[in-house]
Amino acid sequence: MMLLAYDIANTASCQVGEWRAQTPAPLWREASAWISSVAAQFSQIQKLQPNWDSYGAMPITRRAVDAMIELLGSVMNPNAPAPTLVPSARGHLQAEWHMKGIDLEVEAIDPTHIEVDYRGPGGPWSETLGVDLVRLVAAINKLSAP
Amino acid sequence: MLTRDVADPWLRSVHCCQAGAGQGISAPAVRPSRDMKSSTHPRFQHPPVMEVALGVQFKPLASFGVPQIGRLWERFRERFPKVEHQPQLDHEIERRGAQLPQVSFRVLEPNRALLPRVWMINDSGTELLQVQQDRFVRNWRRYSDGTARYPEYLEHLRPSFVSELGEFVSFIESEGLGAVEFDQCDLSYVNHIEPNEVWSTTGDWWKVFPSIAPAIDKDSGGPLDYIGLRMRREMVDANGDFLGRLHIQLDSTLSAPRPEKPEPHPLFILQLIARGSPVGRGVEGVLSFLDLGHDAIVTTFANITSSAMHGAWGRTA
């Protein structure tokens, strides 16, 4: 698949800090809203130093970033709203949505260990997911509805 | 989507495409074989297999860099004396619920992109190992030797993979590079189906793939002159739990010139790739999935190809 890099800074060529975001060419314009937001948040998160919360928090690891990237790439659709990325003291990342009567919090421990807490229509439920993401995709699709 | 760990030059020129929790192991505890359904597998005397890749992915080994790759090569150099460098493959995980059209994107670190995937190749070019920070793959191929006989999964490919994966894991542990925690494995078969007494043009594909060729070929319009099909199906366990996927990809193309066939001729390339989570812990879990994948691939191959082609390939079971 051809990949097209785009730039958050000038929206044409695209690098965030030392990291570059890429997305399939046909989709990048549609997807740019949430990708741009997520990439900008990653840019800030990578600047966090150890003990960033003054309570001994661990730095956010490259592995945690990769896990969240892989997860979002698997479950997001072009119309999905951007999550708020929240660093955890354990060095992981949590993606959060609080809108449309839904509270969805997703923590990616690693690419095959994902902890989900959902409150909204059809819920609430909390579950640790591996590679079966059907419930999480359904939740994000609810958030994506116009 | 599919087989970026195979080395088929046609796939590049035509259409190069393409868990359960991590399974840690503390030692290369491998068993050479298991009582498989091999006796019930369809078998062929001259299958059109051009390449087979057995691969495993694991959590990235942050300290596995260029110097360590060099030291690893020393262990394999006698059997695999040639080396080539390739771009790293993405870490690919089969997930239920994730759809192909959905957006994918990733973040690259420039320094990380410089780390290579290394091919270690035997003298004849028929066997190779591929290693990178989060992947180990063993290939058999016969592009450079069209007469090479397919060595069979149970008799050669699987035992060789077990042995060399064990050596790789042993090296990682002895070097103190971390634990190899498997999270995904895959088995890829690339078949080159040459024209014969059964078929001669791309439009004859229904003679080769009667169960998937639509009726449109048979009696409407002009001849079909290009095929590019992508399909995938879930692999599940007895409880219906998701294990991974079987990818099926069919392309039509023209052959590359060879001394015995200097003129290009039509060619079907059929790829079957089983990818999914290890079924259990350690190397045994990887092998369990690969064996399931082999069952699915062989059965699917036999189901979607015609009995006339089976005859040409010398089906014996």
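Tutor: In this predicted model, helix α2(B) meets α4(B) through B:Gln68, B:Arg71, B:Leu72, B:Arg75 and B:Phe76. On the α4(B) side, the residues in that contact are B:Glu164, B:Glu167, B:Phe168, B:Ser170, B:Phe171 and B:Ser174. By class, the contact has 4 nonpolar, 3 polar and 4 charged residues. Helix α2 of chain B covers residues 66-76, and its axis comes within 11 Å of the axis of α4(B), with a crossing angle of roughly 135°. Because an angle over 145 degrees would be needed for roughly antiparallel, α2(B) is classed as oblique to α4(B). The crossing of these helices is right-handed.

Helix α4(B), residues 153-174, also packs against α7(B), residues 282-304. Here the axes come within 12 Å and cross at roughly 155°. That angle makes α4(B) roughly antiparallel to α7(B). α4(B) passes α7(B) in a right-handed crossing. From α4(B), the contact uses B:Tyr153, B:Arg158, B:Phe161, B:Val162 and B:Leu165. These meet B:Val283, B:Val286, B:Leu287, B:Leu290, B:Asp291 and B:His294 of α7(B). The contact of α4(B) with α7(B) has 8 nonpolar, 1 polar and 2 charged residues. For the contact of α2(B) with α4(B), the class counts are 4 nonpolar, 3 polar and 4 charged.

B:Glu152 lies in the loop between β7 (135-141) and α4 of chain B. Setting aside neighbours within four places in sequence, B:Glu152 is in contact with B:Arg43 and B:Leu157. B:Glu152 and B:Ser188 are 36 residues apart in sequence, and their C-alpha atoms are 13 Å apart.

Aromatic pairs give another view of chain B. Over all chains, the count comes to 14 aromatic pairs. In one of them, the rings of B:Phe44 and B:Trp313 have centres 5.9 Å apart and planes at 90°, so this pair is edge-to-face. B:Phe44 sits in the loop between β1 and β2 (49-58) of chain B, while B:Trp313 sits in the segment after α8 of that chain, so the pair ties together parts 269 residues apart in sequence.

How far can the model be trusted along chain B? The mean pLDDT of chain B is 84, and 81% of its residues reach 70 or more. Confidence in chain B is lowest in strand β1 (residues 23-24), with a mean of 35, and highest in helix α8 (residues 307-312), at 97. Over residues 10-37 of chain B the pLDDT is below 50, yet this stretch has 98 contacts in the model beyond near neighbours in sequence. For the complex, the predictor gives an ipTM of 0.71 and a pTM of 0.81.

Chain A has two backbone points to check. Most residues other than glycine have a negative phi, and most peptide bonds are trans. A:Lys100 has a positive phi of about 55° although it is not a glycine, and A:Lys100 lies in the loop between β5 (93-99) and β6 (102-110) of chain A. The peptide bond from A:Gly123 to A:Pro124 is cis, with omega near 5°. A:Pro124 belongs to the loop between β7 (113-119) and β8 (125-129) of chain A.

Conventions:
Residues are numbered from 1 along each chain as its sequence is written. Chains are lettered from A and ligands numbered from 1 in the order in which they are written. This is a predicted model: local features need pLDDT of at least 70, side-chain atom pairs count only at pLDDT 80 or more; totals for chains, interfaces and linings use all residues. Side-chain values use heavy atoms; hydrogens and water are left out. Axes are lines fitted to C-alpha atoms, for helices over the stretch in contact, and angles run from 0 to 180 degrees between N-to-C directions. Helices (H or I, at least four residues) and strands (E, at least two) are DSSP runs, numbered from the N terminus. Angles under 35 degrees count as roughly parallel, over 145 as roughly antiparallel, 65 to 115 as roughly perpendicular and the rest as oblique. A crossing is left-handed if the near helix is turned anticlockwise from the far one by less than a right angle, and right-handed if clockwise. Contact means heavy atoms within 4.5 Å. Ala, Val, Leu, Ile, Met, Phe, Trp, Tyr, Cys and Pro count as nonpolar, Asp, Glu, Lys and Arg as charged, and the others, Gly among them, as polar. pLDDT is the predictor's confidence in each residue, from 0 to 100. Rings of Phe, Tyr and Trp (its six-membered ring) pair if their centres lie within 6.5 Å; planes under 30 degrees apart count as stacked, over 60 as edge-to-face and the rest as tilted.
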